[in-house]
Protein chains: 2
Amino acid sequence: MKDITLKEIATKLGISITTVSKALKNYPDVSAKTKKAVIDLAQTLHYTPNSFAVNLRTKESKTIGLIIPEVVHHFFSNVVNAIIDEAEKNGYLVIILQSNESLELEKKQVELLINKRVDGIIMSLSNESNNDDHIKEIIRRNIPFVMFDKINKLTTCSKVIINDQKAAFNAVQHLIDTGCKRIVHIRGPLNPQNSIDRYIGYKKALEKNHIPFDAKLVYTCEKVAFEEGFAFARQIITEHPDVDGIFAITDLVAVGVLTYFNDNDIKIPEQVAIIGFSNWFMSQVLTPKLSSVEQPSHEMGVQSFALLLEEMICHKEGLHYTPRTVELQTCNIIRESTVKP
Amino acid sequence: MKDITLKEIATKLGISITTVSKALKNYPDVSAKTKKAVIDLAQTLHYTPNSFAVNLRTKESKTIGLIIPEVVHHFFSNVVNAIIDEAEKNGYLVIILQSNESLELEKKQVELLINKRVDGIIMSLSNESNNDDHIKEIIRRNIPFVMFDKINKLTTCSKVIINDQKAAFNAVQHLIDTGCKRIVHIRGPLNPQNSIDRYIGYKKALEKNHIPFDAKLVYTCEKVAFEEGFAFARQIITEHPDVDGIFAITDLVAVGVLTYFNDNDIKIPEQVAIIGFSNWFMSQVLTPKLSSVEQPSHEMGVQSFALLLEEMICHKEGLHYTPRTVELQTCNIIRESTVKP
DNA sequence: CTGAAAGCGCTTACAG
DNA sequence: CTGAAAGCGCTTACAG
């Protein structure tokens, strides 16, 4: 099937390409009669403008790129959901790529998006990434750019974040309020900013409450996986039978702990209370229901796109844009896993 | 920041655009010396070809479109994950859109993708969709097209499916094997093919085992949501206290049932056994762990892209392509919710 | 109100 | 080995 072009319509009607183009774009300087003829024929022939040519002329593709660690993840899929919908409402399509937490893949993907000449890029960094060359290249090329959640503080660009230190502090404070005295933190990898910040929040809460910090009570995930939570649970209960509270970097890991404890008849929260992070859907249907920190994933997506749109508009009009940082609120969602009867 | 073009490189080196283009594409008829000079300068200037111009010339965008009901869904996010990764390996990017189960949105999205001139489209239909005009338009335009999971039988295109009738039959047969005699089916909406097929599988299993079919034991979801499962559970236990088994259209609904039963001290599986569908991640961590039908989501994504790629290659070379249907295997995953002690 | 012409940045058949 | 030229399908400043 050959695609219909302006030229064909013009030939069929015996008028110029210029006039056809103007008629379809509803320019005021085309007679009503010509306009109607053109629009009718275009409809009959199922004409749709060749976006490749339009892109080349207008120098924009009305497409943005989105790189996240992985889509099969409660938090990220919710952000993706919001970004896709917001973008569509504003006439943009979204190309999605997954770094799978690999810096190497992420670099390649940034390159792909730059080559593709997307109008803007939204990103949440992989666990291995920092202010690396590929990020600098986005900035150097002056491509509208927003980072969310897993960000790098040194990069000058718009950001949508939560206050991970404060959120973690509040989660641990809650454990302490319910009577916990020996609190484990299962943290994320050493590199990502949010895993560092949650760790700091944990330490600050201990300090504030005059509970001595014990480095042996900190366990570090590599993958931030269910299986790690499960394995750490066994290790914790063997190495530190006196532990009475656990703050996990994310619900998935907390669920691993909870599953091990359930399987081995360790009472939650009577023996050990557990609180996770991000409030995954499943947390509310587990037994016991898991306490967690609510992270506004949908709103993060909405705000990320809104900031990117602002910047894309400035960029298009050649105006200077000053990056902004939006910080969203979090709160503790208290459920059975931390409420001692 | 202005983008570097072939022309600028050519001017700087005092050679023609043609030669620069050829050098960068490693044509054999360019001298090694010229080639080196061009490649070096291109690198220094961070040259990357303008994909808009390349698309226009080559008439392909190396981009495919993917429309699914929603990305925040265990099954679909796994398929998306596989499609993105397979596409990237083969040099394609993926634009993702969500119909949110709305036919109207889906139609608009198909139009967007056609206008965008993606090289191919992969789709899983919304609950409201059939062999409608927008689907016919894809076929009419001869755009490479694959449907997976939620398909329409009448459309002539490649498909990746499971045998929903057989899978449902086996699930219900399992309930019967464990001693269930009054079995409820919480089905999906009336329109989608897979919800019809699972319903037929349910009926066939009853028939085969000489259990009379009772239309009152069939409950119909509108949204296929957790809340519906939860509400139906209360209704079922009130209207039919003798029910001893439930087969739900998907795990999310089964989890709603399970949650209501847990909250109200109805023993699973002693009083009522439950089996879901699709084997969502959370099913293995619930109490009791939920039995389900394993649906190979990742493999569905891999196969969908593979079929699309086949068709895109034929399309590009002007060859005729005969659509194929790939049927993947399912199996029962038996867990605590159906194993009577 | 209509249209000829230039140009977006590339690729490639063709001539030399 | 190198390059002039046509053309992909559109948009738009300009002339009439």
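Reader: Which residues that surround DNA strand D are the closest?

Author: This is a predicted model in which local features need pLDDT of at least 70, side-chain atom pairs count only at pLDDT 80 or more, and totals for chains, interfaces and linings use all residues. Residues are numbered from 1 along each chain as its sequence is written, chains are lettered from A and ligands numbered from 1 in written order, and side-chain values use heavy atoms, without hydrogens and water. A residue is near the strand if one of its heavy atoms lies within 4 Å of it. DNA strand D is surrounded by 26 residues, and the closest are L6(A), R57(A), K22(B), D29(B) and R57(B).

Reader: Which residue of chain A has a polar side-chain atom 2.2 Å from a base oxygen of DNA strand D?

Author: A polar contact is a pair of N or O atoms within 3.5 Å. Phosphate oxygens of DNA strand D lie 3.3 Å from a polar backbone atom of N50(A) and 3.2 Å from one of S31(B). The base oxygen is approached by the side chain of R57(A).

Reader: Which element gives the largest share of the surface near DNA strand D?

Author: Helices are DSSP runs (H or I, at least four residues), numbered from the N terminus. Two or more residues each come from α2 (17-24) and α4 (51-58) of chain A and from α2 (17-24) and α4 (51-58) of chain B. The largest share, four residues, belongs to α2(A).

Reader: What rotation superposes chain A on chain B?

Author: The superposition is by least squares on the C-alpha atoms of residues with pLDDT of at least 70 in both copies. The shift along the axis is 0.0 Å and the RMSD 0.0 Å, for a rotation of 180°. The copies are therefore related as by a two-fold rotation axis.

Definitions and conventions: Polar contact = N/O pair within 3.5 Å; in protein donor to acceptor, adjacent residues only side chain to side chain.
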